[in-house]
Amino acid sequence: MSSVLQPAATEQDPPADGTPAAAAPTAGTYRPVSSHLAIAPPVSVVIPAMNEAENLPYVFKTLPDWIHEVVLVDGNSTDGTVEVARALWPGVKVVEQRGRGKGDALITGFQACTGDIIVMVDADGSADGNEIVSYVSALVSGADFAKGSRFANGGGTDDMTFVRKLGNRALCAVVNRKFGARYTDLCYGYNAFWRHCLDKIDLDCTGFEVETLMNIRVVKAGLRVQEIPSHEYLRIHGTSNLRAVRDGFRVLNVILRERSNRRALRRRAQHSPLLDAVRGEVS
């Protein structure tokens with residue numbers, strides 16, 4: 001499907017000679033984003049949620065009406081999360097989470113999406129759905145992966161302690177150095193990407209470290225990444241399951257594992273039969 005920005009279709013006046021006006025070529029194809037802009041690719045928004053009934057009204061209130069679908073991944077909620085979601089967005093697609101962690105929830109949601117573009121949004125009210133247009137604009141302008149950043153120029157956060165900021169900065173520096181990335185933020189869950197990227201990053205982790213794994217594997221896959229300034233607000237109701245020290249070590253483990261895999265692939269390539277044959281012919 002075309003990945004270009006087009007002017008929103010508008011009604012046309014009939015020709016002066018009375019002949020019927022030709023139908024606008026964008027009618028029924030492009031989704032109006034504003035009075036001046038429309039997009040062609042359908043956009044799916046994935047929201048993993050477990051007992052977030054009180055926060056969902058704030059989340060859904062900021063979602064743009066032009067998105068193709070909302071996929072709510074329910075982690076066995078007991079507070080009426082599913083019922084609230086259906087009341088707020090009647091067409092919401094509800095899927096039951098397989099597994100227990102955030103990684104499991106996102107993988108479940110991605111598999112249920114039908115849109116060409118997938119956007120990840122947390123259910124705690126910390127993300128502003130009005131920013132989705134910035135992510136989508138980056139993708140239709142040529143990026144494969146639009147990565148939210150709280151520390152890019154124009155971004156910000158109300159929900160990070162000094163210790164978490166320090167840890168995020170240190171882990172980000174390691175990833176940039178070891179994988180040749182240029183990230184300003186590593187552990188942030190507000191991202192968007194073309195659906196075809198899932199075939200190249202092969203997600204296989206269960207917890208909060210899934211965001212780090214995605215960030216590393218899009219770089220390893222050679223995908224085009226564009227950071228999007230984003231502001232993270234405080235969780236509105238409830239408490240987060242995130243634990244800075246525990247999840248920090250899980251993120252570090254992912255980094256070390258991916259680094260080891262990269263070295264193994266490099267060694268395997270250096271000792272491949274095809275390469276050995278080529279070397280023999282040259283010598």
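In strand β10, Ala192 is the bridge partner of Val119. The model is predicted; local features need pLDDT of at least 70, side-chain atom pairs count only at pLDDT 80 or more, and totals for chains, interfaces and linings use all residues. Residues are numbered from 1 along each chain as its sequence is written, and side-chain values use heavy atoms, with hydrogens and water left out.

Strand β7 (residues 117-120) runs antiparallel to β10, and 4 bridges join the two. Strands here are DSSP runs of E with at least two residues, helices are runs of H or I with at least four, and both are numbered from the N terminus. Two strands pair if DSSP finds at least two bridges between them. An open sheet of 7 strands has the order β6-β5-β4-β7-β10-β8-β11, with mixed pairing. Strands β6 (93-96) and β11 (225-229) form the edges, each pairing on one side only. From one strand to the next, the twist averages 20 degrees.

Helix α3 (residues 102-112) lies across β4 (43-49), β5 (69-74), β6, β7 and β10. The helix runs at about 145 degrees to β5. Such angles run from 0 to 180 degrees between N-to-C directions, with axes fitted as lines to C-alpha atoms, for helices over the stretch in contact. Contact means heavy atoms within 4.5 Å.

The whole structure holds 5 aromatic pairs. The ring centres of Phe110 and Phe193 are 5.2 Å apart and the planes stand at 85 degrees, so this pair is edge-to-face. Phe110 belongs to helix α3 and Phe193 to strand β10, so the pair links distant parts of the chain, 83 residues apart. Rings of Phe, Tyr and Trp (its six-membered ring) pair if their centres lie within 6.5 Å; planes under 30 degrees apart are stacked, over 60 edge-to-face, and the rest tilted. Phe110 is buried at 3% relative accessibility, and Phe193 is buried at 0%. Buried means under 20% relative accessible area, exposed over 50%, and partly exposed in between (1.4 Å probe, protein chains only). Phe110, Phe145 and Phe193 make up one aromatic cluster.

Asp185 lies in the loop between α5 (162-179) and β10 (191-194). With 0% relative accessibility, Asp185 is buried. The side chain of Asp185 makes a polar contact of 2.8 Å with that of Arg150. A polar contact is a pair of N or O atoms within 3.5 Å; within protein, one must be able to donate a hydrogen and the other to accept it, and residues adjacent in sequence count only if both atoms are side-chain atoms. Residues up to four places away in sequence aside, Asp185 touches several others, including Lys147, Asn168, Cys172 and Glu227. The charged end of Lys147 sits over the ring of Tyr183, 5.4 Å from its centre. This term requires NZ of Lys or CZ of Arg within 6 Å of the ring centre and within 35 degrees of the ring normal.

Ser230 occupies the loop between β11 and β12 (231-232). Ser230 is buried, at 1% relative accessibility. Its side chain makes a polar contact of 2.6 Å with the side chain of Glu131. Another, of 2.9 Å, joins the side chains of Ser230 and Tyr188. Tyr188 is buried at 4% relative accessibility. Beyond four places in sequence, the residues touched by Ser230 include Tyr135, Ser149, Arg150 and Tyr190. Tyr190 is also buried, with a relative accessible area of 2%.
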